[in-house]
Amino acid sequence: MSHEITNWTADDDGRVEAAIRRGASRRDLLKMMVANGAALAAGSTILGRAERAFAASPKKGGAIKAAGWSTSTADTLDPAKASFSTDYVRCCSFYNRLTTLDKSGAAQMELAESIESQDAQTWTVKLKKGVTFHDGKPLTADDVVFSLKRHLDKATGSKVAKIAAQMTGFKAVDKTTVEITLASPNADLPMILALHHFMIVADGTTDFSQGNGTGAFVREAFEPGVRSIGMRNKNYFKDGPYLDQIEFIAITEENARVNALLSGDIQLAASINPRSLRLIEGKEGIALSKSTTGNYTDLNIRLDMAPGNKKDFIDGMKHLVNREQIVKSVLRGFGVVGNDQPVSPANFFHNSDLKPKPFDPDKAKSLFQKAGVLGTSIPVVTSEAANSAIEMAMVIQASAAAIGLTLDVQRVPSDGYWDNYWLKAPVHFGNINPRPTPDILFSLLYASEAPWNESRYKSEKFDKMMLEARGLLDQAKRKQMYAEMQVMIAEEAGTIVPAYISNIDATSSKLKGLEPSPLGGMMGYAFAEYVWLDS
């Protein structure tokens, strides 16, 4: 409080903030100021503070429409099967996890009251009491056991089945206590349970189209590939949500998404291409939210198909990618140079000693000659579905043409890209969302049996190290092993990570509360619960 207010105390300050939280108006605050005898000269200071407090205080009410960039007729409300950003947003709206991650990447309790272990192998989960599903059913330990066990059932088709496989034992100790046993120690379990796929569903659920969770919003409508509508859960166990209604759609075409925001048809446009910022920056009524947490678009060369079955071709491509140019021109500076492995500089375990392959066209040409690919035409599949992938492909294509290599850049529609081309085409682009730990990234993307092994990388040594590092409680030793594994990926896998991309979401300036998250843009896809409209 200002030094000009001689008779205003810290307790008075707290009463102002409490009054604002209870819904006090500016007139109410003025009455309070007078009642406490504050000098009139101090009025502007108090009211100025009140203005700032009003602006920062969530307000209840209102409805918004928000747009992501990916969609499919396979959109799902089954958390175990979620694979698109649209799925994640909806699951975060309708369900809760045992834990969630704060801005620093640390695990915080959500449905769990506590998660504890003495040996990192047997974990005891205490659930919060008084939590109910949308249909009124109370949350119990049986729901948690059911939700986690179904990831182990192949019939479920869980996207994190390989990660969940380490959970070998589940026991409902009592109505609000669950014991989870792992095949081997893993100190990361509280962070693993924060993944979107581990949302908790009601025991015995077989129809997931209703989205019956404990989450902040109750499903009103769900049309796969089209939209979803959620209404505020009046029985929610947390303070939020603040919005009465959230409608979520996907607008895959970049310009259309930006124009929808500028015209006021939507209040949040996710994942804005840096080149579109000129259309947005400086526009009245538009705000930007930026986070650099490990999202990247990568060029994937399958090791089990030509031409990726020739190591010289892959090594040549790694020297052909002008990473600095991609960051500077394609990303307009909204990113940092990548070193061909998935652990970004934002992560504690990032190997900063691993330098990216230098842009060296002459060396690339020499390697392509050894691989026998010069004079041939190599298809490269790209799409707007992967952020900035088309522009990256153009930059690489130009560099290839200069040394006599023909890259046939094939631009395909966003619709169906992830089903028909990603993981399948010999040379194609992917787009990976941030994950909180190296173990999760390696398990999903680089283990020999990883479900999203983009280049079909297989290494018994890597698999063995991943399991060993997972159980280490010695952080220094763990960091050393993860650093070595990052080198193995950069040297041996067929994935090229030119840059870690800053995620930019654009919103109406009336939409407040959006903050960066280590789980990705749109506040780790959980924005719906935390944002509010400022009238």
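Me: What makes the largest nonpolar core a core, and which residues touch the most other members?
Reply: A nonpolar core is a set of buried Ala, Val, Leu, Ile, Met, Phe, Trp, Tyr and Cys residues joined through side-chain atoms within 4.5 Å. The largest one has 131 residues, and Met317, Phe429 and Phe527 touch the most other members. Helix α13 (residues 389–402) gives the most to this core, namely six residues; helices here are DSSP runs of H or I, at least four residues, numbered from the N terminus. Another core, of 14 residues, lies apart from it, with Ile249, Ala260, Leu277 and Ile280 among them.

This is a predicted model, so to speak of local features takes pLDDT of at least 70, and side-chain atom pairs count only at pLDDT 80 or more, while totals for chains, interfaces and linings use all residues. Residues are numbered from 1 along each chain as its sequence is written, and side-chain values use heavy atoms, with hydrogens and water left out.

Me: Why is cysteine 91 called buried?
Reply: Buried means under 20% relative accessible area, exposed over 50%, partly exposed in between (1.4 Å probe, protein chains only). Cysteine 91 sits at 0% relative accessibility, so it counts as buried. Cysteine 92, at 6%, counts as buried too.

Me: How do you know how many disulfides there are?
Reply: A disulfide needs a pair of cysteine sulfur atoms within 2.5 Å. By that rule the count is zero. For cysteine 91, the nearest cysteine sulfur is that of cysteine 92, 7.1 Å away, and cysteine 91 is in no disulfide.

Note on methods:
Helix = DSSP H or I, 4+ residues; strand = E, 2+ residues; numbered from the N terminus.
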